[in-house]
Amino acid sequence: MADTALGIPDHHYREGSASLTLGSGFFRPDSRPSRDCSVLLARHQQQNAEGQLRWLDLMAGCGIRGLRWGLEAVPVRPERVELWVNDGDPDRLPCLESNLSGLPMPVRISSQAAEVLLAQAYLEGRFFDLIDLDAFGAPGALIQPVLQALRFEGLLLLASTDGRSPTGHDRAGAVRSFGAAARVHPASWELALRHQLGLLARQAWMLGRGLQPLLCFSEGRTFRVGVRMRRHLQPGEEHRLGLLARCDACGSQVVQILRNLSGWPTCRCASGAGRWSVSGPLWIGPLQDPQTLAALRRDPWLREPGAISNQTQRLLERLEADPGSPATVWPTDELARRVGVGGPPPLNQLVTAVRRAGFQAYPSGVMAGQVRTDADLTVLLRLCADLCSEGT
């Protein structure tokens, strides 16, 4: 069998309630957590909706998301959902038609270019309540047409495989793709998500809309954000766009709101020898919505055998425990190295100690072994040293 990251031969595959033919296109079985989360969000939307819903899988591949939405996200009254499934490759049509033929709701299958489908839907006044855009590379060119075709309070699930630009390894690419500066940072996955959200927010604000992140995560290859587009900006929403600076020499970090930019403070380096590496503008607000995540985890569907994978269950637990704010995150192994101890302190013990010192602290749900906190680096190093000395 061929490597699943490069494309797999035509064979049968089961996931959740779905049984389908994969075809010969690109498919990654280990992206199941993103598909599980999309089903949960679709179920949550359907359970709270009063009228008709329209869902779009814009780059469908073999159609597994649309199939799982139709089988698992609409337990009753499937006629209330109109399902659109599209892939720009016309050779995928036979596979899509075969896989989706047994669904109990109206299904529109197409092979249009994504921008053409979105433009036609917008001109015809056909707005979507849920759009999944799982793009290869950076999806920036499609964000504005996607937001224009998304209904107020609609959900957008956006994926990007561009790992170099937003993590600071292709600075020119970050300027082109995100209109932002990106610098290398220990919390690289998180900064990639924040750059994506910053671009989404700026595009939504241009339309007079607001943006609310619901869940954001990455497994290192793909960066995934799930957001709700609000009818209006929420009070103070502009304060969630800013700049994040880090000194590579001493490890200090500081955040500034873009609206209130002023001079940068000094870092911990002696005699002003430090130098800030600044990333942004990017999203500095929360990455997760704990209320939505709690509702997803209460869904009785999760009690059905095989509804979601164990990996997805662990992911949801991590995200619910970490709101993704504040935006400053430190790896525990870096803290231990800077205080000169052999190994990092247990993450949960460090979180508890920081909270007892009067600061916010959470284990990062985005990258393992990192603490999210508004405590100053000096406080973190002292607490880290105390914990390590207690353990010796």
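**Second pocket**

I began with the lining of the second largest pocket: strand β7 gives five residues, the largest share. I worked on a predicted model, in which local features need pLDDT of at least 70, side-chain atom pairs count only at pLDDT 80 or more, and totals for chains, interfaces and linings use all residues. Residues are numbered from 1 along each chain as its sequence is written, and side-chain values use heavy atoms, with hydrogens and water left out.

I noted the terms next. Helices (H or I, at least four residues) and strands (E, at least two) are DSSP runs, numbered from the N terminus. The search for spaces uses a 1 Å grid over the protein atoms alone. A pocket is an open set of points with protein on both sides within 12 Å along at least five of seven lines. A cavity is a set of points where a 1.4 Å probe fits but cannot get out. Lining residues have an atom within 4 Å of a point. Grid points are joined across faces, edges and corners, and a volume is the space filled by probe spheres set on the points.

I then looked up the volume of the second largest pocket, which is about 310 Å³. Its lining has 15 residues, and Gln45, Asn48, Ala49, Leu53 and Glu153 are the closest to the centre. Two elements give two or more residues to this lining: α1 (32–48) and β7. By class I found four nonpolar, six polar and five charged residues. Here Ala, Val, Leu, Ile, Met, Phe, Trp, Tyr, Cys and Pro count as nonpolar, Asp, Glu, Lys and Arg as charged, and the others, Gly among them, as polar.

**Glu153**

Glu153 sits in strand β7. Its phi is positive, about 65 degrees, although Glu153 is not a glycine. The cut-offs are under 20% relative accessible area for buried and over 50% for exposed, with partly exposed in between (1.4 Å probe, protein chains only).

**Largest pocket**

I found about 590 Å³ of space in the largest pocket. It is lined by 24 residues, and Phe26, Phe27, Asp134, Ala135 and Phe136 lie nearest its centre. I sorted the lining into nine nonpolar, six polar and nine charged residues.

**Cavity**

How many cavities of 30 Å³ or more does a search of the whole structure find? I got one. About 120 Å³ of space lies in the largest cavity. Of its 15 lining residues, Ser34, Asp132, Leu157, Arg224 and Val225 lie nearest the centre. At least two lining residues come from each of α1, β6 (128–134), β7, β8 (210–218) and β9 (223–230). The classes are nine nonpolar, three polar and three charged.

**Strand β4**

I checked β4 (residues 81–86) and found six of its six residues buried. In a regular strand the side chains alternate between the two faces of the sheet. In β4, Val81, Leu83 and Val85 point one way, while Glu82, Trp84 and Asn86 point the other way. Strand β3 (residues 53–57) runs parallel to β4, joined to it by five bridges. Two strands pair if DSSP finds at least two bridges between them. I picked out one partner: Leu56 bridges to Trp84 in β4.

**Thr167**

I located Thr167 in the loop between β7 (150–160) and α6 (171–178). Thr167 counts as buried because its relative accessibility is 6%. Its side chain reaches the backbone oxygen of Gly163 at 2.4 Å. Leaving aside neighbours within four places in sequence, I found Thr167 in contact (heavy atoms within 4.5 Å) with Arg183, Val184, Ser188, Ala192 and Phe223.

**Cis bonds**

The peptide bond from Gly280 to Pro281 is cis, with omega near 5 degrees. Pro281 belongs to strand β12 (residues 276–283). I found a cis peptide bond joining Ser325 and Pro326 as well, with omega about 5 degrees. Pro326 is in the loop between α9 (310–320) and β13 (329–331).

**Arg318**

I ended in helix α9, where Arg318 lies. Arg318 is partly exposed, with a relative accessible area of 40%. How far apart are Arg318 and Gly365 in sequence, and what is the C-alpha to C-alpha distance? They are 47 residues apart in sequence and 4.7 Å apart in space.

Terms used
Polar contact = N/O pair within 3.5 Å; in protein donor to acceptor, adjacent residues only side chain to side chain.
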